[in-house]
Amino acid sequence: MRILVIGSGGREHALLTGLKADPFVTDLHIAPGSPAHAQQATVHPEYSQVDDPARMVELALDIAADLVVIGPEVPLVNGVADALRERGVAVFGPSASAAQIEGSKAFAKDVMAAAGVRTARAEQLAPGVAEADIEAALDRFGPHFVVKDDGLAGGKGVVVTESREEARAHVDAVHAASNPVLLESFLDGPEVSLFCLVDGETVVPLLPAQDHKRAYDNDEGPNTGGMGAYTPLPWLPEDSVQRIVDEVCVPVAREMVRRGTPYSGLLYAGLAWGMEGPAVVEFNARFGDPETQAVLSLLKSPLGEVLNATATGQLADLAPLEWEDGYAVTVVLAAEGYPASPRKGDVITSPDLEDPTKILHAGTATSESGVVSNGGRVLNVLGKGATLEEARAYAYDVIRRIELDGSFFRTDIAARAAKGEISI
């Protein structure tokens, strides 16, 4: 099976690693990819326009791809999956209309309301709304504000704050970009990320994970795209994943079918587990980063077969997924200045830099000096172990051997869970 992966980050590196281990996968390609991906796949840097349906169709047909796996959200929302399917190419990823579950938070709220899924109370403020209406809305949602860019923001369009001034500043910034704003009530309780394979009304969950969004230890600093994650969750009761599937993912999948926009691909449910159970914080229409790195590292089932079954409408016939025992932790190494203005071009050195079982490249490039930083979240370090503490220790041993001037990482990824400090 010849597979084309679209994207270039740490999530795509994790997908390549999993697909490379699948004996049914005979040929791997990635567009645009990065030099770090060349060990695992044929890299197509000339196809950098991943949100251009025509260009992606051109490449898929040129290499005779049996399956295309779309990593980022922008190509999905822009209809790349639709264009490929029209040309008879199997695609892992939803249509543009179904991808609105991530592309428009207001659309996602409407789907959840129709499906009877618990989520935060929300109110949309369109650009140009009167000053008095903005202030009145902030009055209704304070004193703990959740302000979201109602569009694609790469995981960084959310401000959660108790500062009214900071909340108002984010409203103004989003409106300045001509996007609507969504104000939400705050959902309390520990967060859970659950990836589900979805094929119409068939839903198959992967392992639950937990992301760490804030930039610094103890959940301090600005929101980021994710500074680390771990799986599975030792504090989550055994029946909790099935409860999320039954109360959230299946109702949403059925509602999408009812609307004539059936979902096919990966549905990522980000949830908060409060006193009444799970409630949806957000949906993504693709594998989340950095949870993907940890979750896929424990998957024993052939990844290519799993993704292809979803893409070709055969998910219901797929054998139950098999997983390694133990835990996985991923820790992000971020560039100086991340997330506001990450510095690029600094040389990276590590004895493990070319080992994809330890280090997954997210924002790197090559120069005459060697491998250099080329993004905010530069590397994802992976650790596995029989216990969560062993997995943490392994990951931190690897990350401390990396040298990148000005870089930083959180030292407390999965620490509270390892100490038994999280419960629902």
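The structure is a predicted model, in which local features need pLDDT of at least 70, side-chain atom pairs count only at pLDDT 80 or more, and totals for chains, interfaces and linings use all residues. Residues are numbered from 1 along each chain as its sequence is written, and side-chain values use heavy atoms, with hydrogens and water left out.

**Exercise 1.** Determine the strand order of the open sheet and its edge strands.

Solution. Helices (H or I, at least four residues) and strands (E, at least two) are DSSP runs, numbered from the N terminus. Two strands pair if DSSP finds at least two bridges between them. The four strands have the order S6-S9-S7-S8, with antiparallel pairing. Strands S6 (122-125) and S8 (158-161) each pair on one side only and are the edges. S7 (residues 145-149) joins S8 through four bridges; Lys-148 stands opposite Val-158 in S8.

**Exercise 2.** Which strands does each of the helices H6 and H8 lie across?

Solution. Contact means heavy atoms within 4.5 Å; axes are lines fitted to C-alpha atoms, for helices over the stretch in contact, with angles from 0 to 180 degrees between N-to-C directions. H6 (residues 105-115) lies across S6, S7 and S9 (181-184), at about 45° to S9. H8 (residues 164-176) lies across S6, S7, S8 and S9, at about 10° to S7.

**Exercise 3.** Is helix H11 largely enclosed or open?

Solution. Buried means under 20% relative accessible area (1.4 Å probe, protein chains only). Seven of the nine residues of H11 (residues 303-311) are buried, so the helix is largely enclosed by the rest of the structure. Among them are Leu-303, Val-306 and Leu-307. Gly-313, with a positive phi near 75°, follows H11.

Technical notes:
Buried means under 20% relative accessible area, exposed over 50%, partly exposed in between (1.4 Å probe, protein chains only).
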